[in-house]
Amino acid sequence: VPTRRNCLLEGEVLKLRVIILAAGPLRKAAICWRAMGEGDFAEVPLRHVARGVYTGRFPPAGAAGLAIEYYVYAVAESGQRACFPPAAPRLNQTVVVVPAR
């Protein structure tokens with residue numbers, strides 16, 4: 001994930017660009033997200049753009065003051081799995097939702 005956002009405006013859609021280096025095609029690539037520490041992760045598939053570049057979008061951010069946590073994973077044809085951040089899903093990227101003006 002070349003650019004990591006740490007905040008979103010209320011109602012903003014988070015668009016991620018992900019670079020995945022793999023020797024062959026992927027079996028699966030996705031973003032998993034949820035409200036910080038709440039419930040199960042929702043999964044959004046990544047769309048292949050070109051070469052090792054993929055994109056994905058979160059649904060619009062909720063109310064101001066909330067936080068979202070997410071991680072990205074990819075599964076190679078061999079079954080090997082890679083995550084970002086590496087400690088996911090125990091430790092994830094976080095994004096705070098701030099009020100829109």
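How do the residues of the lining of the largest pocket divide into nonpolar, polar and charged? The answer is 17 nonpolar, 2 polar and 2 charged, where Ala, Val, Leu, Ile, Met, Phe, Trp, Tyr, Cys and Pro count as nonpolar, Asp, Glu, Lys and Arg as charged, and the others, Gly among them, as polar.

Before going further, note that this is a predicted model, in which local features need pLDDT of at least 70 and side-chain atom pairs count only at pLDDT 80 or more, while totals for chains, interfaces and linings use all residues. Residues are numbered from 1 along each chain as its sequence is written, and side-chain values use heavy atoms, without hydrogens and water. The mean pLDDT (the predictor's confidence in each residue, from 0 to 100) is 87 for the chain, and 92% of the residues reach at least 70.

Back to the pocket (an open set of points on a 1 Å grid over the protein atoms alone, where a 1.4 Å probe fits, with protein on both sides within 12 Å along at least five of seven lines; lining residues have an atom within 4 Å of a point). The volume of the largest one is about 300 Å³, and Ile-20, Leu-21, Leu-26, Ala-74 and Ala-82 lie nearest its centre.

Now follow strand 7 to strand 9: the two run antiparallel, joined by 4 bridges, and Tyr-70 stands opposite Gln-93. Strand 9 also pairs with strand 1, in the parallel sense over 3 bridges (pairing takes at least two DSSP bridges). Here Leu-9 stands opposite Val-98.

Notes. Points joined across faces, edges and corners; volume = space filled by probe spheres on them.
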